[in-house]
Amino acid sequence: MITKLVHVNPPMTDSQVSHLVCRTMNIMKLQRFGPVINHSRINTSRFGDKPIWFRPFTVIKVAEQSSGFGLVEDETLAQKKRELYQALEGINRGIFGIPSGKKLEIESLVKQLESQNPTPEPTLELDKVDGCWRLVYSTISILGSRRTKLGLRDFISLGDFFQTIDKAKSKAVNVIKFNAKGLILLCGELSIEASFKIASKTRVDINYEKSTITPDQLMNVFRKNYDILLGIFNPEGWLEITYVDDNMRIGRDDKGNSAQDDVGY
């Protein structure tokens with residue numbers, strides 16, 4: 001996943017950029033995305049390279065400030081977000097690879113946002129992380145033989161990636177949607193459940209707990225290569241939250257991945 005940062009911990013390398021997440025908001029008020037998830041039925045999924053998440057109908061919020069400097073600062077962040085969203089257009093979250101020039105452009109914008117992180121101690125303000133997120137970019141890549149074995153070239157297509165964080169229970173549920181082509185269109189999902197605990201003011205440790213694929217027909221499609229699938233999306237390890245505000249989150253993990261999200265997951 002993507003990202004960096006930190007006070008106590010040493011600087012992270014570019015390869016350690018992890019998740020960038022953007023929250024979905026309804027005008028000035030954040031709302032949960034979709035229905036409440038039943039955690040007894042949905043499990044979390046593993047995450048590999050750098051991801052970005054955002055909710056549909058995302059609105060960039062410029063907070064009111066008491067000083068002129070604050071307004072300028074917020075508008076600068078809003079502009080950088082707009083530039084990032086524009087850079088992400090048409091790349092399918094980066095999952096199947098992107099040109100090196102585009103990757104450098106995205107990484108540069110991510111670093112600029114991280115350098116202006118309005119929440120320098122995110123684990124002390126988990127309310128900003130709580131809720132549902134949608135992935136918009138990740139450095140996780142599914143290429144070559146892995147993509148072929150998983151049927152992700154022609155037979156199966158990737159849908160949305162959602163992540164729901166429940167700070168009260170210290171749980172996270174990742175859901176990856178799939179569509180399989182055949183006589184009828186088969187829709188399903190991989191869900192992975194994990195727990196987390198605070199490791200520092202910017203970092204959380206993540207423990208994989210369980211995963212499920214529904215419906216059974218989709219499990220039959222992936223059964224032979226299920227280990228490959230989990231190897232890509234397993235979130236276990238640590239995650240550095242390098243940027244978070246009311247509608248965006250960026251993170252970097254111990255696998256050298258980074259991600260970006262909008263209010264959601």
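This is a predicted model: local features need pLDDT of at least 70, side-chain atom pairs count only at pLDDT 80 or more; totals for chains, interfaces and linings use all residues.
Let me begin with Lys80, which is found in helix H1, residues 68-88. Is Lys80 buried or exposed? Its relative accessibility is 18%, and because buried means under 20%, Lys80 counts as buried. Leaving aside residues up to four places away in sequence, Lys80 touches Gln112, Leu113 and Gln116.

Turning to the protein overall, the secondary structure comes to five helices and twelve strands. Of the 265 residues in the protein, 53% are buried. Among contacts with a separation of 6 or more, 75% are accounted for by residues 24 or more positions apart. The accessible surface comes to about 12,100 Å², and carbon and sulfur atoms hold 54% of that surface.

Next, the aromatic residues. How many aromatic pairs does the structure hold? There are two aromatic pairs. Phe161 and Phe233 are both buried.

Finally, I draw your attention to two arginines placed over aromatic rings. Which residue lies over the face of Phe96? That residue is Arg147, at 3.8 Å from the ring centre. For Trp238, the charged end of Arg203 sits over the ring, 3.8 Å from its centre.

How values were computed
Residues are numbered from 1 along each chain as its sequence is written. Side-chain values use heavy atoms; hydrogens and water are left out. Rings of Phe, Tyr and Trp (its six-membered ring) pair if their centres lie within 6.5 Å; planes under 30 degrees apart count as stacked, over 60 as edge-to-face and the rest as tilted. Buried means under 20% relative accessible area, exposed over 50%, partly exposed in between (1.4 Å probe, protein chains only). A charge sits over a ring if NZ of Lys or CZ of Arg is within 6 Å of the ring centre and within 35 degrees of the ring normal. Helices (H or I, at least four residues) and strands (E, at least two) are DSSP runs, numbered from the N terminus. Contact means heavy atoms within 4.5 Å. Accessible areas come from the Shrake-Rupley method with a 1.4 Å probe; for residues, only the protein chains shown count as cover.
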